[in-house]
Amino acid sequence: MAAGSVRQPLADEDPVAVIGAGWAGLAAALELVRAGRPVVLIEAAANPGGRGRSLDLDGAHLDNGQHILVGACRQVLAQMRAVGVDPEVALHVLPFALPLRELLAEGGTRGFSLSPRSTRPWHLATSLYRALGGEKPSRRLKAMLGAARMLAQAPDADLPVAAWLRRGHQPPALIARLWEPLCLAVMNTPVAEASAKIFQSVLQQTLRGSERDARLLIPRLPLGALFPEPALASLRASGAEVRMSTRVTGIAPRAQGGFELGLRGGDRLHAGQVILATAPRAAERLLPVSDALAPTRRALSALGARSICTVYLRYPKPLVDLPPLTGLLGQHGQWLLPRHLNGEPHWAAVVISAAEMYPASDARSRWQQVARELEATFPGLGNADFGRVVCEPSATFDARAGIDELRPDVRTGMSGLYLAGDHCARGLPSTLEAAVQGGLQAATAILQDAGRGGAR
């Protein structure tokens with residue numbers, strides 16, 4: 001296509017332009033195609049998946065971050081099935097349990113775990129009681145009852161998780177060994193700042209439903225094969241136009257309705273509606289200049305950002321004897337997942353949530369520190385012979401107390417322009433489930449507005 005040309009739609013109806021082929025954009029595009037709407041999906045990167053994509057590094061199939069799902073991620077699981085991926089095959093299922101190992105300052109390690117027989121309230125309570133073995137019986141009982149109340153009832157007003165835990169009579173040792181690593185894993189925000197309402201909502205959805213909701217689901221496939229790549233194939237097979245390695249440089253409303261998108265290289269594209277399924281900062285940059293969009297712009301700016309680093313370590317021998325999931329206490333890394341489930345038995349992934357709190361001078365220093373600490377935690381592990389660090393500086397929004405009230409709606413103040421992403425799914429932190437829910441909400445809004453006689 002010549003620079004400066006305008007691509008006309010293939011049908012009489014201008015397509016919906018979905019900008020961003022992450023999990024939110026893919027879910028939105030699939031929903032619209034199923035409803036019979038023409039769609040053009042535009043992605044700046046060469047591969048789909050956004051912040052949940054696959055990478056080929058050093059001859060291994062890795063990801064830009066290690067993700068764990070739970071059974072309560074119902075929309076993610078439904079979308080996987082819809083594009084031909086069987087979750088029972090693609091995911092390794094574990095009963096809910098949190099095994100942790102603490103690296104002691106004086107040397108050696110000790111184990112700590114929350115391993116209930118089931119997620120029934122009594123089993124959860126007794127497991128928590130056992131985990132408090134170092135406390136007096138009266139304090140153990142008080143903490144157990146406090147945790148039960150916390151799980152059953154959301155706080156009246158949002159407050160930091162740390163303050164909420166103290167109100168629930170959780171001892172400092174239990175906060176440090178259980179609640180803090182769990183909060184970091186779920187929220188990517190430290191307990192001193194994280195939203196108690198969102199954290200409690202996630203715990204309740206996971207632990208107060210069926211046993212299936214609480215199951216831990218570890219991918220057996222690279223993230224791309226789990227959903228993004230089959231979703232892209234499904235869109236193409238359904239007639240949607242897919243434009244990868246294509247960057248949108250601007251969005252302008254047209255006088256006759258709809259939008260004109262500027263693309264890098266000078267091309268332009270007409271769309272009836274636009275879904276901005278990008279990270280918040282990219283969405284803010286692409287918003288047209290308009291007073292009507294000022295509240296949306298402020299909401300996107302208020303989200304903030306938190307980083308996640310994943311340290312990948314390669315070992316000379318396969319790591320098949322390591323458990324599929326271990327929490328790491330007193331270390332630079334927080335969660336260890338050997339990659340033998342993903343077909344890479346010589347590799348291990350160590351997740352560092354809120355990584356800006358754990359600086360390192362360079363990537364090599366970071367992975368070597370993680371490797372030393374793992375060797376001390378698992379004496380038979382040996383030395384890693386190679387490491388890589390994959391960091392996402394804006395992996396999630398900042399899930400701090402009060403953030404839900406500031407989050408943007410999928411409908412912006414401009415007719416025909418919508419947002420999609422995990423930042424739009426109130427009540428959830430930045431997760432794959434939130435991304436898919438945000439994408440579906442945006443597609444539903446377009447279809448609803450069209451049914452009322454036009455986009456709002």
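Pocket and cavity in a predicted model

User: Which residues lie nearest the centre of the second largest pocket, and how many line it?

Analyst: The second largest pocket is lined by 18 residues, and Leu124, Ala147, Leu151, Trp179 and Leu207 lie nearest its centre. A pocket is an open set of points on a 1 Å grid over the protein atoms alone, with protein on both sides within 12 Å along at least five of seven lines, and lining residues have an atom within 4 Å of a point. This is a predicted model, where local features need pLDDT of at least 70 and side-chain atom pairs count only at pLDDT 80 or more, while totals for chains, interfaces and linings use all residues. Residues are numbered from 1 along each chain as its sequence is written, and side-chain values use heavy atoms, with hydrogens and water left out.

User: Which helix gives the most to that lining?

Analyst: α5 does, with five residues. At least two residues each come from α4 (121–131), α5 (137–152), α7 (172–187) and α8 (196–207). Helices here are DSSP runs of H or I, at least four residues, and strands are runs of E, at least two, numbered from the N terminus.

User: How many of the lining residues are nonpolar, polar or charged?

Analyst: The pocket lining has 17 nonpolar residues, no polar and one charged. Ala, Val, Leu, Ile, Met, Phe, Trp, Tyr, Cys and Pro count as nonpolar, Asp, Glu, Lys and Arg as charged, and the others, Gly among them, as polar.

User: Now cavities. What lines the largest cavity?

Analyst: Its lining consists of Leu77, Arg81, Pro87, Glu88, Leu91, Val93, Arg212, Arg215 and Leu217. α2 (74–82), α3 (87–90) and β7 (91–94) are the elements giving two or more residues. In a cavity, a 1.4 Å probe fits but cannot get out.

User: How many of those are charged?

Analyst: Four are charged, five nonpolar and none polar.
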